[in-house]
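I opened this model to look through its two chains at the level of secondary structure and packing. My notes are below, in the order in which I looked things up.

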Amino acid sequence: MRVMVMVKATEDSEKGMAPTPEMLEAFAAMDSFTEELVQAGVLVAAAGLKPSAEGKRILVDGRNRTVIDGPFAEAREMVAGFSIWEVKDMDEAVAWAKRSPNPMAGPSEIEIRPFYEAADLADFVTPEELAASRDGDRGKLGVA
Amino acid sequence: MTAGETPPTDEIYRAIEATFRIERARLIAGLARIMRNIDRAEELAQDALVIALSEWPRIGIPARPGAWLMATAKRRAIDAIRHDKMRTRKHEEIARELDGAPSQSFGDGEAAAIEAAMGDDLGDELLGLIFTACHPILPPDARAALTLRVVGGLTTDEIARAFLSNEATIAQRIVRAKKTVAKAGLGFETPRGAERAARLPSVLEVIYLIFNEGYAATAGDDLVRPGLAQEALRLGRMLAGLMPGDAPEYKEVLGLLALMEIQASRLPARTGPDGAFVPLDQQDRACWDQLLIHRGLDALARAEALGGAADNGGPYMLQAALAACHARARRAADTDWSRIAALYDRLRLVAPSPVIDLNRAIAHSIAFGPEAGLRLIEEIADADALRNYAPLPAARGDFLFRAGKLAEARAEFVAAAALTRNEREKAFLLARADTCGSKSFGR
């Protein structure tokens, strides 16, 4: 199964990064953890996100679209980085996540969410829809 | 977990089990290298799990569970050796060597010391185990079973179901493989230099064999079978993560990885709702897994950065480049068939096979017209391997049909229909034969 592992933002991460000795040490620790994930064939993709000051939000309401510039409040509700893992089950994902070095200087939170898989959507897609051939790169509900 | 709070037992046992699954292959690899015996390594790893199941609910999962399990297994090994009446000098030597290992109750500091002592060998030991399980002295099916058992952690029953075999046969195959490994005195070392390059093909062959066992399975089969493709992909990713990236043979590791990532991207589109196989040109490309395609193209690009264009690469790089042609085409009609034809021209030189020659003829017919296909198919029509091979007359029928020679095409389709054992394919070929009867239905 595929899971997304999200590291939540903190007030520190919202300030951006500087190459301090602490930060470099944290980077090295995260690198060796990532290496372990690669060697175990678990890591599929990973990326870090810039602070919300560089982000935008689009509020959607009916036909209205309102763009809001960052930064946003409530750091803990935002994602600072994510990776995608291929694991046997959620227990394995949790076991791996527990081994992660601290992603942030202070307390922080890691959230694991499984991807929807084709079997989960059996009730949403009719056999006719599945049978109909469609070209192009339109993803079907973002199913893994 | 906070002090004083006891987690539900079910939860801790599941956590221990998951941790053990993560550590198992490396644990067995390290123990096999010390004991020079896979059976003993498996037993000791199992012993360590049993001890963890009794200790960890009390002390919690250690910060370095791998080092804890290794130290525990080593202690068991020392005890066993001490109790062994048949002591040999070699055993005493091992016991002395292991005696430095701390007892079961140790802090994280000591665990870190053990881990540091094992150091960089962790990955190397696992690589050594993979190379040993895939040693060319073993037949390919034995290599596959042993690799799935000791590296993949599958049970004998799971392997049997995956290979549509029975448990006794697979158990027997694994026992024999272990005996062969022991008899040959293999040291579980990772081969280096020229030897590594020479032994790599038998590793790649086994991983791709496992992949194809799973890839060939269709819906309705036991779910373990498609799971094999996933397992092979994981093995391929492990190998790419463990092999030194500067080895000249590394590009074929990346080639195999790219090939499997791209082929696996089509898994969701390969079967229709009725479980029937859907051929490549009719697949819903929106169902292709773009993340896997991206990873596959990336691995292929890395292979090409190392060793030049895929055209001059080995069989896996070439097949990956072929798969990439399909992956890059948003619609079947966008496929670059002249590139595919050129790649088949190269592939038949590095991996000669009548089946590749037949696919080459098909690629040429699509790229350059039916006459080109007919010319190439005549060169291989007498190959022994293609005698009674339905795809041969089916392809020739298609070329003749497109060249407007309907009567000849009809005879080929009928011949192909008589050769295939697949009912759906037979119906499809007979339907094509029928269309040759009405002249107005040409294309």
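**Entry 1: chain A overall.** I kept in mind throughout that this is a predicted model. I counted 3 helices and 6 strands in chain A. Going along the sequence, I read their order as β-α-β-β-β-β-α-β-α. Chain A has 144 residues, and 17% of them count as buried. I also looked at contacts in chain A between residues at least 6 apart in sequence: 74% of these join residues at least 24 apart.

**Entry 2: the sheet of chain A.** I asked in what order the strands of the open sheet lie. The 4 strands run E2-E5-E1-E6 in chain A, and their pairing is antiparallel. The edges are strand E2 (43–48) and strand E6 (110–114) of chain A, each of which pairs on one side only. On average, neighbouring strands here are turned by 15° against each other, with direction ignored. I then took one pair by itself. Strand E1 (residues 2–8) of chain A is antiparallel to E6(A), and 5 bridges join the two. Across this pair, Val3(A) stands opposite Pro114(A) of E6(A).

**Entry 3: helix H13 of chain B.** I checked whether the length of helix H13 (residues 290–307) of chain B fits its residue count. At 1.5 Å a residue, its 18 residues should span 26 Å, and the end C-alpha atoms are 25 Å apart, so the two agree. Next I listed the buried residues of H13(B); among them are Leu292(B), Ile293(B), Arg295(B), Gly296(B) and Glu304(B). What covers the buried residues of H13(B)? The cover includes E2 of chain A, along with helix H12 (250–265) and helix H14 (315–328) of chain B. After H13(B) comes Gly308(B), with a positive phi near 85°.

**Entry 4: the nonpolar core.** I looked up which members of the largest nonpolar core touch the most other members. Out of 135 residues, they are Ile28(B), Leu129(B), Ile130(B), Ile207(B), Leu239(B) and Ala320(B). Helix H1 (residues 9–35) of chain B gives the most to this core, namely 12 residues. Why does the core lie between two domains of chain B? Domain 1 (9–119) and domain 2 (388–443) of chain B both give residues to it, so it lies between them.

**Entry 5: Ala320(B).** I followed one of these residues further. With neighbours within four places in sequence left aside, Ala320(B) is in contact with Gly255(B), Ala258(B), Leu259(B), Ile262(B), Leu300(B) and Ala310(B).

How values were computed: Residues numbered from 1 in each chain as written. Chains lettered and ligands numbered in written order. Predicted model: local features only at pLDDT ≥ 70, side-chain atom pairs only at ≥ 80, totals over all residues. Core = buried A, V, L, I, M, F, W, Y, C linked by C-beta atoms within 7 Å. Buried ≥ 20, exposed ≤ 12 C-beta atoms within 10 Å, placed from the backbone. Domains from an automatic or database assignment. Contact = placed C-beta atoms within 7 Å. Pairing = 2+ DSSP bridges. Axes fitted to C-alpha atoms, helices over the stretch in contact; angles between N-to-C directions. Expected span 1.5 Å × (residues − 1).
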